[in-house]
Amino acid sequence: MAIVLFRVDDRLVHGQVVIGWGRPMSVDHVVLVDDTVATSPWEQDLYRMAAPDGLRVTFASTVEGIAGLPGWAQAADRTLLLTGDLDTMVALREAHPALVPRINLGGIHHQPGRVEKLPYLYLGPAEVAALERLRHAGASVAAQDLPTAPAVALDDLL
Amino acid sequence: MGLSPRWQTIIRLYGVQAAWTYERMAGIGVGHAAAPMLRDLFRDRDAIERRAAVARSAEYFNSHPYLAGIAVGAVVRSERDGVPGGAISRLRTALSGPLGALGDQLIWTGEVPALMGFTLALLPVVGWWAVAAAVLVHNVMRFRLTRWSLDLGLAHGLGVGAALQQSWLPRAAKDAQRVAAFAVGLALPVTAAWLWLDGIHEGGEVILALVLVGTVLTLAPGTRTRVTGLRFGLALLGAAILLMGGW
Amino acid sequence: MTPWLAIALLLWGSVVALDLITVPQGLLSRPLVAATVAGAMAGDVVAGMMAGAVLELYNLEVLPIGAARYPDYGPGAVAAGAAAALIPEAGPLGIAGLIGLPLGLLGGWSVHRHRRHNAVRVGAQLDRVSAGDARAIWHLQREGLWRDAARGSVLAAVGLAVAWAVHLIDWGLVPRREYLDWAVLAGGLTAGLGGALRIAGKGARRRWLAVGLLTGMVVVLWA
């Protein structure tokens, strides 16, 4: 079918992803592109266990994500592609600009040096630089934690 | 004679979100819940070690509140086993998303709507007894789940992920959601008929037409991000007030 | 309304608000439970139950997942349940909508403010928390609890003030009063059905939802 949502969320596979977005968008495949989880079988088991009935979870490193993206985009599944940080999403977008048209910022949480933009979005210099790169590349980026919440455009965040 | 540290922790797990913030989420509450067991664990050891463990336990954490005991138990057991602090923090982080997703399925889209659906469906027959029974059943289940969660974490420490996978919980989460879907489906026509017959008596066709329009708006791709049942209800309420006044 | 009843309802509003997030999440904050108890306190449990039932339909679409913001119907349901019992001429459904729905929105906003206050307090104690001071953590928990209880009391008081204003209306002279009931019930059923369809997604859950709906319709027609 297509990749129906590209989301950046540092909580990775959690309720907002599998229920909040997954259910209304009829998602049946989540691809988690994260270099740490891709090499950690016990964490993969945890995330698989937490996926609801009928939802398949695939784990990939950034390199594997770049290689696999065209295939997922053409597969019959309705896929939600998830990264834990902006840099990974920027890498995917720069490798396949046409396949990553819109990016959803769902959760970048507090860390020292980050400033609150929204209750679920804290940006530091590294995140702002990554978002600037996406903006210059022409990607459509908006923050929205759940489908029923208002979307906030990138221009209102930077 | 005071409560044992385990029982103090079980009680404190009920208030794990009391100091919830967007920065640390339930971190402070988890630290508060773990404190009695950590105090007991480090009773004869260096106070600096104990304080480091308490500080670690109060860092950022978010999961479903009913399942937070799994993380608390696993952290306490890992501290007891002498696991390095970095590995303990990694375990907490890794548990956060899956415990949230599982708990949301088991409780928020499973047990709670199932109970409320059956309660609504039973109201016309048994009245407020159905409400009392729902509260009782929920709290018995809540207590058993809280205690089980803590004990699972305490028993398995760093291996809690594998233990969780082999437990009844993932299967129950899937089953609870099916029961909930049935119960809510059952409740909607029964509650509509009961409220209409006992409180309104007329305008059934208008109400049905409005429900149809509202449901389409809440689900259609173009409007579903903006129209919720609450917003639709408030809009109807405003329109009704205007029409009543003949304004 | 006697002063004792008002005090009891404010206390119940606090308990209900605490139950939503802080402690103990024991189903007391569900509008059906909150309004039924309030109706019983005010002398008409059935009126409270009907007000609670229609607000419960709205609550069925609420998903308190992650750090999402959502309405808090509990304290408003307390006021609505009591008002439904004390002002029977206004009708339990209409009064539930007039009091419970705006208060639900206000309640959701107040939860957000409460979390902000928590963050300010945690920020002030950050050095002690980072140093592993269990006493500082306990203080933060206790403060959060009291602040949330106060939030519930204020919300319930606002709800009772609205109820008092509603009580001043001569409902016998209000034309087409039934429009209120129609609007509130239609909105509630929309929330319940839309929420159920959204949450069920597709596959087995949607089939179970369909079976439930059909069973409910058969029960209604049979009864």
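These legends describe close-up views of a predicted model.

**View 1. Chain B is a helical chain.** Chain B has 10 helices and 0 strands. Along the sequence, the pattern reads α-α-α-α-α-α-α-α-α-α. The radius of gyration of chain B is 23 Å. The globule rule gives 18 Å for 247 residues, so chain B is more spread out than a compact globule. Along its principal axes, the C-alpha trace of chain B spans about 75 × 40 × 35 Å.

**View 2. Chain B is assigned two domains, domain 1 and domain 2.** Domain 1 of chain B covers 5-201. Domain 2 of chain B covers 202-247. Their C-alpha centres lie 36 Å apart.

**View 3. Helices α4(B) and α6(B) pack against each other.** Helix α4 of chain B holds residues 68-80, and helix α6 of chain B holds residues 128-156. Their axes come within 6 Å and cross at roughly 30°. An angle under 35 degrees counts as roughly parallel, so α4(B) and α6(B) are roughly parallel to each other. The crossing of these two helices is right-handed. On the α4(B) side, the contact is made by B:Gly69, B:Ile70, B:Ala71, B:Val72, B:Gly73, B:Ala74, B:Val76 and B:Arg77. On the α6(B) side, the residues are B:Thr146, B:Ser149, B:Leu150, B:Asp151, B:Leu152, B:Gly153, B:Leu154 and B:His156. By class, the residues of this contact are 8 nonpolar, 6 polar and 2 charged.

**View 4. Helices α5(C) and α7(C) form a packed pair.** The axes of α5(C) and α7(C) are 10 Å apart, at an angle of about 155°. Angles over 145 degrees count as roughly antiparallel, so α5(C) and α7(C) are roughly antiparallel to each other. The crossing of α5(C) with α7(C) is right-handed. From α5(C), the contact residues include C:Ile95, C:Leu98, C:Ile99, C:Leu103, C:Leu106 and C:Gly107. Also in α5(C), C:His114, C:His117 and C:Arg121 are among them. From α7(C), they include C:Leu140, C:Glu143, C:Gly144, C:Arg147, C:Asp148 and C:Arg151. C:Leu155, C:Val158, C:Val162 and C:Val166 of α7(C) also take part. The contact of α5(C) with α7(C) has 12 nonpolar, 7 polar and 5 charged residues.

**View 5. Chain C meets chain B.** Here 89 residues of chain C are in contact with 83 residues of chain B. On the chain C side, at least two residues each come from α2 (31-42), α3 (45-59), α5 (92-124), α6 (126-130), α7 (134-168), α8 (178-200) and α9 (204-222). The largest share of this side is 23 residues, from α8(C). By class, the side of chain C that touches chain B has 57 nonpolar, 22 polar and 10 charged residues.

**View 6. Chain A meets chain B.** In this view, 22 residues of chain A are in contact with 22 residues of chain B. On the chain A side, the elements that give two or more residues are α1 (15-21) and α3 (41-50). Helix α3(A) gives the most, with 7 residues. The side of chain A that touches chain B has 13 nonpolar, 5 polar and 4 charged residues.

How values were computed: Residues numbered from 1 in each chain as written. Chains lettered and ligands numbered in written order. Predicted model: local features only at pLDDT ≥ 70, side-chain atom pairs only at ≥ 80, totals over all residues. Contact = placed C-beta atoms within 7 Å. Helix = DSSP H or I, 4+ residues; strand = E, 2+ residues; numbered from the N terminus. Nonpolar A, V, L, I, M, F, W, Y, C, P; charged D, E, K, R; others polar. Domains from an automatic or database assignment. Axes fitted to C-alpha atoms, helices over the stretch in contact; angles between N-to-C directions. Parallel < 35°, antiparallel > 145°, perpendicular 65-115°, else oblique. Left-handed = near helix turned anticlockwise from the far one by under 90°. Rg over C-alpha atoms; globule rule 2.2 N^0.38 Å.
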